[in-house]
Structures are given as structure tokens and as C-alpha cells.
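Hi everyone, thanks for making time this morning.

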Amino acid sequence: MKKIILVVDDDRTNLALAQKLLLPQYRIAASNSGMAALKYLEHNHPDLILLDINMPEMDGFAVMEQLKKEEKTANIPVIFLTADNLTETEIKCFRMGAMDFVTKPFVPDILLSRVEKTIELDSYRHDLENMVRIQAEKITENARKLSVIQDSVIVGMANLIESRDGSTGRHVKNTQMYVRMIADELYRRKLFADELSPESIEDICKAAPLHDVGKIKIPDAILQKPGKLTPEEFDEMKLHTTYSRKIINTIIGDVEDEHYVKVVEDIALYHHERWDGTGYPTGLAGDAIPLAARIMAVADVFDALYEERCYKPPIRPIERIMQIMSEGRGTQFDPTIIDVFMEMLPRLKEMLNIRE
Ligand SMILES: [Fe+2]
């Protein structure tokens, strides 16, 4: 298919001459003013523009300025046509983004070869841009696939570990869901604005399933004990937090995403800390406990109370759970987070399909 060239010149003789020279190889559109050219470009996309500089009303430079402003026309290659061959004009042509310039009166061979070269160069540019775009899309798609695989491996592994204590197997998925709900709501209310962003929330949600991986090192006798643990057994149970942190460090310590690694480690190590500093394993208090772990604590406890465990039946109704948790406001839980969580009751009921 023939390429289309728009020739813009107020001099009819020049227009006719350019047309005559180019017509055998190209399709030609002609405009005798800058305004007419811009009008033509509203609905057409030529492969090249030959643009006269000296025109009444709107000169070539003014037309060029308009072309560069519009995304649709900014990339159409332009060759300026000029009656003078002053260096300043030449410099201005290139500075304004022209691909080339040709002096009038035209030498037919020169005009033709400049036009050919410019069109050829522009088609290489197009090919290159397309190649880069396709490659970039492929890379993004591969990264997405890899991330889906990583996520399912992580959740799968966490589920496997979790299933040892005879829990329903929903804990990993559910706590992740509660964590997302709480974090999204805090973000929506602009709370902890310096720490929460769509990206950091994504990291927190991806980290949540790994919070208890350290339980893999806790003996079945403790993990599956129906009933209360002895103080010694509880001390051993507490170690799952430091085990989690160690295991995570071994598995993903080398991952380059520092924020993600830190969030996973924070959640693993600190999700049993308490706001008043009486939690474990380090006894951190208040906002010294990383935010991700403070959110995880609320989600983790809610799920523990809502679901059946080997040592306890599920607590019902859900209002009773909210009551118990609200009593931990400022002692066990971050008051800001627990307040927001309390207000989420209607949505929790909706999500858990509770109708009463
Ligand atoms: Fe835990």
C-alpha cells in the first residue's frame, strides 16, 4: 500500500510541483494553509508531512507546534520546506522536532531521497517501538504468572502447616481476607497514611499467609492438644513466632523486594505482641509493634474465636466475638485498628453469610 504524504504550502506552483514529483510512488494530500492542514489532520494520519515554513497567517513553525501538542500527530515525521538556507532556520527546524528540511526550489532527486529516507527511518522507529512494547508486555505477563505461582506455593505451604493442628483449613485464607478488609478500610479512612498505600497493602496481604509457618517445628502433642496447654507447653508454643521469622529468612531472605521481606518477617515475629507490651516474643508495646503485625493480630484472633479449634468450640454469635475483642482495646489491640474493626461488623456478617 502506498504511503500518504501531506504537502502543506501556500504556493500553488510548489504544491503542484511536489505532487508531480511524488505522485508515482506516494499518495498525496495537499493543503494550501496551516489551518487547512490541521483540519485535514483531525481525521487523517499521513505517513509524512512536507511543511512549508513561510506561509501567511499560520507559518510552518506554528503548525509544527500544534502537531507536537497533540498525541495523535506528535509522532508524524515532518520535513520542513524552506526558501532560505540560513543556519538559524536549519537549527530551528531540528529543534522543533523536524526529521529533515529541504530548500526550495526543489531538486527532484534530493526531495525524493529525503522523503524516502525519512519514511524508511520512521518505519524502523515504529517496528522498534512495537518490538519494545511486545517484549514489555511479555515480561509483565511472565512476572504476573510467576507471582501467581509464588502466591499459590506460599498459600499451599502455609495451609499444609496449618492443617496439622486439625483446624478447618480455612485459617490461612480467612485471615488473609480479614487482613485485606482491615487494611483497605484503614487506607480508605486515611489512617496510618504514611505507612499504608495500595502497594504496601498488597505486601501485607501476601505476607499474611506466612504468619504461622514456624508451627512446623512445634510438636503434634502441643499443637493438637485438646484443652489448655501447661505453662511449659505454652512457652514452647510461643516459639513458633521466632521459628516463623527464621524460616522466612531462610526462604525469602534473598528476595530483592526489601519492603515485602520486612513485612513478612514483622508479621511472623510480632503477630502475638500486645499493645500494652505483655505479648510475646519480644514484649514490644504500642506503635513500636509494626503496623502489619498489629493488623494481623486482630485478624488472627478474630478467626481463632470464630472457627472451631482442637482446644475450643467456635464462639457464637459473632456479636459475642466482637464484645470479647473490644475488651482488648488498648490492652491487646491497637485502639485505632480495633475501633475500625468494630465498625466493620455488618460487612463481616455479609462476608461470612451470617443472616440475623
Ligand atoms: Fe501465631
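Let me begin with how the elements are named: helices (H or I, at least four residues) and strands (E, at least two) are DSSP runs, numbered from the N terminus. What you see is a predicted model, in which local features need pLDDT of at least 70 and side-chain atom pairs count only at pLDDT 80 or more, while totals for chains, interfaces and linings use all residues. Residue numbers start from 1 along each chain as its sequence is written.

Let's start with the loops. Pro 317 sits in the loop between α13 and α14 (318-326). There is also a cis peptide bond from Tyr 280 to Pro 281, where omega is near 5°, and Pro 281 belongs to the loop between α12 and α13.

In general, two packed helices are described by the angle between their axes and the distance between the axes. Here, axes are lines fitted to C-alpha atoms, for helices over the stretch in contact, and angles run from 0 to 180 degrees between N-to-C directions. Helix α12 (residues 258-270) packs on helix α13 (residues 291-306) at an angle of about 50°, and their axes are 8 Å apart. How do we label that angle? Under 35 degrees counts as roughly parallel, over 145 as roughly antiparallel, 65 to 115 as roughly perpendicular and the rest as oblique. So α12 and α13 are oblique to each other.

The α12 and α13 crossing is right-handed; a crossing is left-handed if the near helix is turned anticlockwise from the far one by less than a right angle, and right-handed if clockwise. From α12, the contact uses Val 263, Asp 266, Ile 267 and Tyr 270, and from α13 it uses Ala 292, Ala 293 and Met 296. By contact I mean that the C-beta atoms of two residues, placed from the backbone, lie within 7 Å. Sorted by class, that α12 and α13 contact has six nonpolar, no polar and one charged residues. For the classes, Ala, Val, Leu, Ile, Met, Phe, Trp, Tyr, Cys and Pro count as nonpolar, Asp, Glu, Lys and Arg as charged, and the others, Gly among them, as polar.

Now compare a second pair, please. The axes of helix α2 (residues 34-43) and helix α3 (residues 60-69) come within 10 Å and cross at roughly 20°, so α2 and α3 are roughly parallel to each other. The α2 and α3 crossing is right-handed. Gly 34, Ala 37 and Leu 38 of α2 meet Ala 62, Val 63 and Gln 66 of α3 there. By class, the contact of α2 with α3 has four nonpolar, two polar and no charged residues.

Back to α12, and to Leu 269, which is found in that helix. Is Leu 269 buried or exposed? Leu 269 is buried, with 25 other C-beta atoms within 10 Å. The cut-offs are 20 or more other C-beta atoms within 10 Å for buried, 12 or fewer for exposed, and partly exposed in between, with C-beta atoms placed from the backbone. Leaving aside neighbours within four places in sequence, Leu 269 is in contact with Thr 241, Thr 242, Ser 244, Arg 245 and Pro 281. Leu 269 and Thr 242 are 27 residues apart in sequence and 5.7 Å apart in space, C-alpha to C-alpha.

In helix α11, the buried residues are His 240, Thr 241, Ser 244, Arg 245, Ile 247 and Ile 248, and they pack against α10 (231-238) and α12.

Next, Ile 182 in helix α7 (residues 171-188). Ile 182 is buried, with 23 other C-beta atoms within 10 Å. Beyond four places in sequence, the contacts of Ile 182 are Ile 295, Val 298, Ala 299, Ile 337, Val 340 and Phe 341.

Phe 192 has a positive phi of about 50° although it is not a glycine; Phe 192 lies in the loop between α7 and α8 (198-207) and is partly exposed, with 18 other C-beta atoms within 10 Å. Asn 353, in the segment after α16 (345-351), has a positive phi near 60° and counts as exposed, with 6 C-beta neighbours inside 10 Å. Thanks, everyone!
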